[in-house]
Amino acid sequence: MPAGGFSASLAPPSGMEFEAKITPMVVTSCVTAATGGLMFGYDIGISGGVTSMEDFQREFFPTVLRKRRENKGSNYCRYDNQGLQLFTSSLYLAGLVSTLFASYTTRRLGRRATMRIAGAFFIVGVIFNGAARNLGMLIVGRILLGCGVGFANQAIPLFLSEIAPTTIRGGLNSLFQINITVGILFANLVNYGTNRIHPWGWRLSLSLAGLPAVLFTLGALFMVDTPNSLIERGRQEEGKVVLKKIRGTDNVEPEFNEIVEASRVAHDIKNPFRSLLQRRNRPLLLITILLQMFQQLTGINAIMFYAPVLLTALGFKTEASLYSAVITGAVNVLSTFVSMYTVDRVGRRMLLLDAGVQMFLSLVAIAVVMRTRVTDRSDHLGHDWAIMVVIIICNFVSSFAWSWGPLGWLIPSETFPLETRSAGQSVSVCTNLLFTSILAQVFLSMLCHLKSFIFVFFSICVAIMSLFVLFFLPETKNIPIEEMVERVWKQHWFWKRYMNDEGDNHVISEEETPPMVSLSDSFVE
């Protein structure tokens, strides 16, 4: 929803596992932190349903309602309105900017303090949205919610990766994505119910975001900070005490010493963002940016934002489109549990590659249905075709939910070293929110102009990103965060050329250049 590039010299021998138990403190801390995903998910899910409600359109976007009622122009262009899209995208633009500030607070104030700041932004934003009297007040509320998203998405994946034991890090980190999907489902259910409440149902939809906001904020008041964050800020004894509590053992010296050494290296870095550009960190930076970009170019958020609007354009009535959005939201939640169970068993790469095939076929199928059954003037699908569309969308959402959804947040959060972890996570969140806001702002316009070919565009993106995973993404399953360089990056056929200790001016010799891998070899890490 949700960290190794420079290995400390005192790191334990390759393959060494730290002693750790799955303690109640770890579970409760991770579950509490991951509730921030509820807020993010609710914000994703609520916008599409609210913007499809006639009462909301009458209040803020009367031109959209007039175009819809007069049934003039192309079916694909009914909701092509920049103001309407700004309502959705403004949240993510604000999140993009606030992430730059959140990078500082996670490093200087800690992960827990950053989550508390996020909670405060969430609550104030909900108040503005629920009480909105004009479009300006509505947008201000969305901007405040976006600031909460920026701070939360900066801190939560780091918190989960640092506090979780290595062997279940992927599963616990998936809690963030699970809560995002639950938030989306909750929003869809709320929209389905409030659509029947006139004329203030939309106001109730926006106000109920206060429930996850308060839940997350209260949880952030009582949780512990991560040992990594405490030690990084010079509180070594407190960090050691917390480490013993979350690991359930007094034998934490190896892990403690590694975190201390990583912290020492981190303090030598005066400008972590500049450090990201050093040769040894470029593979991590590039993969982080591409993973977040690819995650959005699957088209998932465009579909989740505007599912009711999209289904209405395909011929569904407003209530039917909201009901169908509930179904896809439920599939989203259930499928994310698949990732939680399998990510630390089969690995990250296999999930991403399998999902790539499934998403590609789903997008092509949607494009074919739209091309053959929906025209500019006729939008009647028929009962059987309507069911098929919902099934195809559910298949697409399912494949994303157990792959690119959680892993797009997990992999960046577990690859950066301590000295650049906060900066790296900031780049990760910024990239995600940048492409999220762009797609939120242009999707309905793209749908208007490209029509069915918009899904051909997304399918091509899925094919490209799957090839990238196949050849360039290493497996990080069950690798301690501070050992990523030695055990992952220095072993990868392509990225190992960047992992030398001789500085940024090292020249690659012919002997160091690896041969191209075959398709079968690429699965062996």
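Residue I127 lies in helix α6, which spans residues 111-130. The structure is a predicted model. The relative accessibility of I127 is 55%, so this residue counts as exposed, the cut-off being over 50%.

Residue T226 is located in the loop that links α10 (210-222) to α11 (227-232). With a relative accessible area of 0%, T226 is buried. Its side chain approaches the backbone nitrogen of S229 at 3.1 Å. When neighbours within four places in sequence are set aside, the contacts of T226 are with R111, F159, E162 and I163.

In helix α4 (residues 62-70), the buried residues are V64, L65 and R68. These residues span an arc of only 95 degrees around the axis, and therefore lie on the same side of α4.

A packed pair of helices is described by the angle between the axes and the distance between them. For helix α15 (residues 282-297) and helix α23 (residues 453-472), the angle is about 150 degrees and the axes are 9 Å apart. Because angles over 145 degrees count as roughly antiparallel, α15 is assigned this orientation relative to α23. The crossing of the two helices, α15 and α23, is left-handed. On the α15 side, the contact is formed by I287, L290, F294 and L297, while α23 contributes F458, C461, M465, F468 and F472.

Key: Residues numbered from 1 in each chain as written. Predicted model: local features only at pLDDT ≥ 70, side-chain atom pairs only at ≥ 80, totals over all residues. Heavy atoms only, no water. Helix = DSSP H or I, 4+ residues; strand = E, 2+ residues; numbered from the N terminus. Buried < 20%, exposed > 50% of the residue type's maximum accessible area, 1.4 Å probe, protein only. Arc of directions from axis to C-beta. Polar contact = N/O pair within 3.5 Å; in protein donor to acceptor, adjacent residues only side chain to side chain. Contact = heavy atoms within 4.5 Å. Axes fitted to C-alpha atoms, helices over the stretch in contact; angles between N-to-C directions. Parallel < 35°, antiparallel > 145°, perpendicular 65-115°, else oblique. Left-handed = near helix turned anticlockwise from the far one by under 90°.
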